[in-house]
Amino acid sequence: MIVITTPTGDIGRQILDRVLGGGEAVRVIARDSSRLPEHVRTQAEVVEGSHADANTIAKALQDADQLFWLVPPADFQDAEPARSHYLDFTRAAAQEAASRGVRMVHVTSLGHGYDGEAGLLSAALGMDELIESTGVQYRALALPFFMENILRQAQPISQQGVFSMANTADRPLPTVATQDVAAAAATLLLDRTWTGQARVPLVGPDNLTPDAMAEIISETLGRPVRYEQVPLSDFTARLVQHGASPSLAREWSGMVNAQNDGIYDAEPHDALCATGFRQWCQDVLKPAVQS
């Protein structure tokens, strides 16, 4: 029995598509089962509720063997520290999985061993320590910057020929595509042989700066697109202007500051994923910009 959280999320739904029909029973945890596609509701068992809730987790992990774990983002206006959000969301699941002998495959940040505060990334790495402390067997998918983050800028790319972030323009930023994350997670969930506790860094084959990303986007779209680096203070202020709580805005800024400081270089990451940035731009970004 494979249990999947966030079945309607970008990664969770891709994992579901890969494990359904793979010969294993599948159970999903969903707040609202009506949001699940029809093929999921007919092929998987559904437990309604939040995967942060101890009773929901206990019900979902009955007779389970594997658990895919992903903590959803905090509410944009949530003033709770990110570390508290990650730990409070995860604690019951990690303890329940450990007590039942359920193996966990979970999503976290690349950067284990980074010596410094990293906002949202520190919260994810703190979650890893909690999971490890329970003794549960796990594989932690350690991820850098998602290529899909750039999808949020499809409109300015299309209308103004620009995308902007607070990441340093000329510093390489390791990336990964969610399809590769889903493929790795599904492989681990369907594999009955692994044991123990280990991290699995997942990084794409490129090591591009944001300026270099802009060049590839330009070539893919056939028109000029430039990268604009936003000062970190302006980035924080914009988040608050768009409704983020001041504390969450600081956590986001702490994450970007750590990325600019090389947090992803703190953890070895030899394993490379298949999807390069140019291919992702052709397959994912270009259709989004042109839609």
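1. Let's start in a loop: threonine 6 sits between β1 (2-4) and α1 (10-19). Its phi is near 45°, a positive value in a residue other than glycine. Threonine 6 has a relative accessibility of 16%, so it counts as buried, the cut-off being under 20%. Please keep in mind as you read on that this is a predicted model.

2. Aspartate 63 lies between α3 (54-60) and β4 (66-69). Here too phi is positive in a residue other than glycine, with a value near 60°. Is aspartate 63 buried or exposed? Aspartate 63 is exposed, because its relative accessible area is 70% and the cut-off for exposed is over 50%.

3. Next, follow α1 to its contact with helix α7 (residues 178-190). The two axes come within 8 Å and cross at roughly 50°. That angle makes α1 oblique to α7, and the crossing is right-handed. On the α1 side, the residues that meet α7 are Asp10, Ile11, Gln14, Ile15, Arg18 and Val19. Their partners in α7 include Val181, Ala182, Ala185, Ala186 and Leu189. Sorted by class, this contact has 10 nonpolar, 3 polar and 2 charged residues.

4. How far apart are the axes of α4 and α5? They are 8 Å apart, and the helices pack at an angle of about 25°. Angles under 35 degrees count as roughly parallel, so α4 and α5 are roughly parallel to each other. Their crossing is right-handed.

5. Look at who does the touching in that pair. From α4 come Ala82, Arg83, Tyr86, Leu87, Thr90, Arg91 and Ala94. Among the residues they meet in α5 are Leu120, Ala123, Ala124, Met127, Leu130 and Ile131. The residues of this contact divide into 10 nonpolar, 3 polar and 3 charged.

6. Arginine 91 belongs to helix α4, and with a relative accessible area of 33% it is partly exposed. Although arginine 91 and isoleucine 131 are 40 residues apart along the chain, their C-alpha atoms are separated by 7.6 Å.

7. Strand β5 (residues 103-109) holds serine 109. Why is serine 109 classed as buried? Its relative accessible area is 3%, and the class needs under 20%, so serine 109 is buried. Leaving out residues up to four places away in sequence, serine 109 touches Leu121, Ala124, Leu125, Ala142, Leu143, Arg199, Tyr264 and Glu267.

8. Finally, the nonpolar cores. In soluble globular proteins, nonpolar side chains tend to be buried together. In this model the largest nonpolar core has 68 residues. Which residues have the most contacts inside it? They are Trp69, Met104, Ile150, Ile157, Phe163, Ile217 and Phe277. Take isoleucine 157 as your example: apart from neighbours within four places in sequence, it is in contact with Ile150, Val162, Phe163, Ile217, Leu221, Arg223, Val225, Leu285 and Val289. There is also a second, separate core of 30 residues, which includes Val40, Val105, Ala182 and Leu189.

Conventions: Residues numbered from 1 in each chain as written. Predicted model: local features only at pLDDT ≥ 70, side-chain atom pairs only at ≥ 80, totals over all residues. Heavy atoms only, no water. Axes fitted to C-alpha atoms, helices over the stretch in contact; angles between N-to-C directions. Helix = DSSP H or I, 4+ residues; strand = E, 2+ residues; numbered from the N terminus. Parallel < 35°, antiparallel > 145°, perpendicular 65-115°, else oblique. Left-handed = near helix turned anticlockwise from the far one by under 90°. Contact = heavy atoms within 4.5 Å. Nonpolar A, V, L, I, M, F, W, Y, C, P; charged D, E, K, R; others polar. Core = buried A, V, L, I, M, F, W, Y, C linked by side-chain atoms within 4.5 Å. Buried < 20%, exposed > 50% of the residue type's maximum accessible area, 1.4 Å probe, protein only.
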